[in-house]
Amino acid sequence: MQPCASLIESYSSQNLYQIDCLKIFFLILQVTHFLQCGQMKSVESTLKNLQNYLTILAQRLENQQEQRIVLSSSPIVNFYWMHMDHLGMLVFLLTIIHAIQTGSLEKAQKLIDKALANLQKLKTKELDKQNRLPLMFHNSTFVTNKLHIMILENQIRCSIAMGNR
């Protein structure tokens, strides 16, 4: 993973949104790798970096940079992995998984409740025809439903671990 990190850090583009999307994509890969390997200490710092990059990206998007997307012949320039709303939900999900695996079940339950509330807002936004996501995120409902299922799955895992049924 280190060679990829070096490549992403050295990548330059005029569109900061694209750079942040690549960094977030790589950090998500790192977090999931550490979670699968059971390296909880390594996950913490990477998860914090991921949350920081997501915050930076959200601030940039307040300026509507996402609306100024110019397609290029280079696939790396056209890298738009997920919509900001879905990235936020995915980071929520990874944070929930981390909390469950470290035994912070009450924290996980609070995060699950927050995530489910945010998911409901996102589903409402997707149904609102005036607030539709840009065309490049045409599979928005599908992604939202998958995230919802995964959060519910972790809610069940947390309930079982806490002894609730």
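1. Helices (H or I, at least four residues) and strands (E, at least two) are taken here as DSSP runs, numbered from the N terminus. On that basis Met 40 is found in helix H3, which covers residues 40-61. The chain as a whole has six helices and zero strands, and its pattern along the sequence reads α-α-α-α-α-α.

2. Some provenance should be kept in mind: this is a predicted model, in which local features need pLDDT of at least 70 and side-chain atom pairs count only at pLDDT 80 or more, while totals for chains, interfaces and linings use all residues. Residues are numbered from 1 along each chain as its sequence is written, and side-chain values use heavy atoms, with hydrogens and water left out.

3. On burial (buried means under 20% relative accessible area, exposed over 50%, and partly exposed in between, with a 1.4 Å probe and protein chains only), 41% of the 165 residues of the chain count as buried. As for contacts (heavy atoms within 4.5 Å), residues 24 or more positions apart account for 70% of those in the chain with a separation of 6 or more.

4. The axes of H3 and H4 come within 11 Å and cross at roughly 160°, where axes are lines fitted to C-alpha atoms, for helices over the stretch in contact, and angles run from 0 to 180 degrees between N-to-C directions. H3 and H4 are therefore roughly antiparallel to each other, a label given to angles over 145 degrees, with those under 35 called roughly parallel, 65 to 115 roughly perpendicular and the rest oblique. The crossing of H3 and H4 is left-handed, meaning that the near helix is turned anticlockwise from the far one by less than a right angle, whereas clockwise would be right-handed. Among the residues that make the contact are Met 40, Val 43, Glu 44 and Leu 47 of H3, together with Leu 94, Thr 95, His 98 and Gln 101 of H4. By class, the residues of this contact divide into 12 nonpolar, five polar and one charged; Ala, Val, Leu, Ile, Met, Phe, Trp, Tyr, Cys and Pro count as nonpolar, Asp, Glu, Lys and Arg as charged, and the others, Gly among them, as polar.

5. Within that contact, one pair can be followed in detail. Met 40 counts as buried because its relative accessibility is 15%, and His 98, which is found in helix H4, counts as buried at 9%. The two residues are 58 apart in sequence but 7.3 Å apart in space, C-alpha to C-alpha. Leaving out residues up to four places away in sequence, Met 40 touches Leu 35, His 98, Gln 101 and Thr 102, while His 98, with the same exclusion, touches Leu 35, Met 40, Val 43, Glu 44 and Leu 47.

6. Helix H5 (residues 105-127) packs with helix H6 (residues 140-162) at an angle of about 160°, their axes being 10 Å apart, and H5 and H6 are therefore roughly antiparallel to each other. Their contact has 13 nonpolar, nine polar and four charged residues. The buried residues of H5, including Leu 105, Gln 109, Ile 112 and Glu 126, pack against helix H4 (84-101) and H6.

7. Asn 154 is found in helix H6 and is buried, with a relative accessible area of 3%. Beyond residues up to four places away in sequence, Asn 154 touches Leu 93, Ile 96, Ile 97, Ile 100 and Ile 112.
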